[in-house]
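Welcome, and please load the model in your viewer. We will start with the whole chain and then select a few places in turn.

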Amino acid sequence: MTDPILFWNSVAQECNRRDHTGVMTAHNQRGPTLSSRALAIVHIAMHDAYVLARAGASSPVVRNDPYLPMAQRPPYSHPGGGAPAEDIAASAVGAAAAVALLNLYPALAGHINTQFAVFSAQRAADHAAHRFGSAVGHNVLALRVNDGAQPDPDDSIPDYISSPAYGAHRADPLDVGQGFLGVRHGFVRPFAVSSFHNLAKYPAFGSANYLKDHREVRLKGATASYPASTRTPLETVMGIFWAYDGVKDIGTPPRLYNQILQVISTSKGLTPEQNARLFLLANIAMGDAGILAWFYKYHFDLWRPIVGIREFDTDMGPGASAPGSTLSPDCDPFWRPLGAPKTNNRDERVRSFTPPFPAYPSGHATFGAAAFHAARL
């Protein structure tokens, strides 16, 4: 019988994927910011439904502590004589996950309801556990009301204007109307982190470290037709793998990391109880990783390579005051990046793109480190 945590984790992953296909009208939790928040909410609901339902069914003690504060835990005492304890817990998990997903992804209600029917057909139905799981899902959602998350990162932020200063993030000049994603996501209330890590600033402009990194990105990160590129075919494959997200049929980095967690779970033969804890901790970690990473992205406001390489010479860019007749050899006003690929999009104009937010710190690296560190522990 399917593990309820793995089943609903897969459904959540599919909601993430469909939300980013570009061929549907979903767009409920777009971008790495809102999608990581949504996955954290769903897995909190699943975890607490499992833990509290097992405890209420007088089954063996579960070691996991619920996330919900005591006052928000709905009372539950199973009447007995019904389904086995694991079916009781599974019924609660299914209801909690479905409630959370339906609220987070209303445009995908048809898919979610279909998956709920498939899930319910696999085990004995338990009405009391279903009602309890539904209450858990609603209570977890209530915890995140007014947490500061924007309804959709595609919404314009009318009072945000990018700086013309040297080194500041500006929209991709090759992507007209790109906009800025997650400007205020760094002020969303965290799930678990009580104080922000004091992240060091990127290497100073003009320093040996900055120049070294700048040259590496210019030569390794350029489009395939760039004559000075030193990138090997293997490096290209690796770069495309880690950059392939947020586009048609792919989803965001947290989806990839949940796919990897499923492989880890299967290879280790984890129980539903262990999976509830693993996916709870990893997705809460990624939820907070998105909040902290985006706080520092807009705090440091570092330009991305498409701007940083084209405007490396201080005579270039909107902040230039007295352009000269020479150009630094590390500046290329015509440089194009390999970019995040959209090779499954037939529109040649959008085969690659620069993400619409500042470069530092890396969202990919922050999400991945948070998820894999939680898994390792």
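Colour by secondary structure and follow the chain: from the N terminus, the elements run α-α-α-α-α-α-α-α-α-α-β-β-α. That gives 11 helices and 2 strands, taken as DSSP runs numbered from the N terminus (helices H or I, at least four residues; strands E, at least two).

This is a predicted model, in which local features need pLDDT of at least 70, side-chain atom pairs count only at pLDDT 80 or more, and totals for chains, interfaces and linings use all residues. Residues are numbered from 1 along each chain as its sequence is written, and side-chain values use heavy atoms, leaving out hydrogens and water.

Stay with the whole protein for a moment. Of its 377 residues, 48% are buried, meaning under 20% relative accessible area with a 1.4 Å probe and protein chains only, while exposed is over 50% and partly exposed lies in between.

Next, select residues 4–19 and 272–300, helices α1 and α9, whose axes come within 8 Å and cross at roughly 40°. Axes are lines fitted to C-alpha atoms, for helices over the stretch in contact, with angles from 0 to 180 degrees between N-to-C directions. Show side chains: Pro 4, Ile 5, Leu 6 and Asn 9 of α1 meet Pro 272, Asn 275, Ala 276 and Phe 279 of α9, where contact means heavy atoms within 4.5 Å.

Finally, select residues 233–243, helix α7, and find Met 238 there. Is Met 238 buried or partly exposed? Met 238 is partly exposed, at a relative accessible area of 45%.
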